[in-house]
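Please have a look at this chain with me. I have jotted down a few friendly notes to read alongside it.

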Amino acid sequence: MWVNGFIKWKTNDLIPHKLLFKHGKIQEVENKNFKGIKALETNSTLADNFEIFKTYKRDKSNNHCKYYIKKSVDEEVFLIFLKINISQYWKLKWQLKEWLIQSKDFKLEILKFLAIALLAYLIGKLS
């Protein structure tokens, strides 16, 4: 899921970014200067699991964003403010839970079971 946001790091400037979240991790980062930075491939601490926090006040210092992620990279803390709505917030929270049903393999096994059961039912009905 691609999310627009702003990164505040070292300087107090807010740098607009697009972040790809998948399986409770930040997979890819893009901004106007660079594209396709894959955090997982570079073993970046940016790719580690994250937690979403709610901001206490929405003002120009966080670009009126309601949610943020606090990360530490090379022992320096920076904030990623997320420009998301409530449905995107719940999708990200769902990804963080990492339940078994979210696994692609588990979903495929369920579909295989249902297909075999349906096929067996139809064969039984026809004979």
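The points below go from the whole chain to a few side chains.

1. A word on the basis. This is a predicted model, where local features need pLDDT of at least 70 and side-chain atom pairs count only at pLDDT 80 or more, while totals for chains, interfaces and linings use all residues. Residues are numbered from 1 along each chain as its sequence is written, and side-chain values use heavy atoms, with hydrogens and water left out.

2. The layout. Seven strands and two helices make up the elements of the chain, in the order β-β-β-β-β-β-β-α-α from the N terminus. Helices (H or I, at least four residues) and strands (E, at least two) are DSSP runs, numbered from the N terminus.

3. Of the 127 residues, 30% are buried. Buried means under 20% relative accessible area, exposed over 50%, and partly exposed in between (1.4 Å probe, protein chains only).

4. Leu111 lies in helix H2, which covers residues 104-126. Is Leu111 buried or exposed? Leu111 counts as exposed because its relative accessibility is 55%.

5. A salt bridge. The whole structure holds one, meaning a side-chain nitrogen of Lys or Arg within 4 Å of a carboxyl oxygen of Asp or Glu. Glu109 and Lys112 form it, with their closest N and O atoms 3.5 Å apart. Because they sit three residues apart in helix H2, about one helical turn separates Glu109 and Lys112. Glu109 is partly exposed, at 48% relative accessibility, and Lys112 is partly exposed at 48%.
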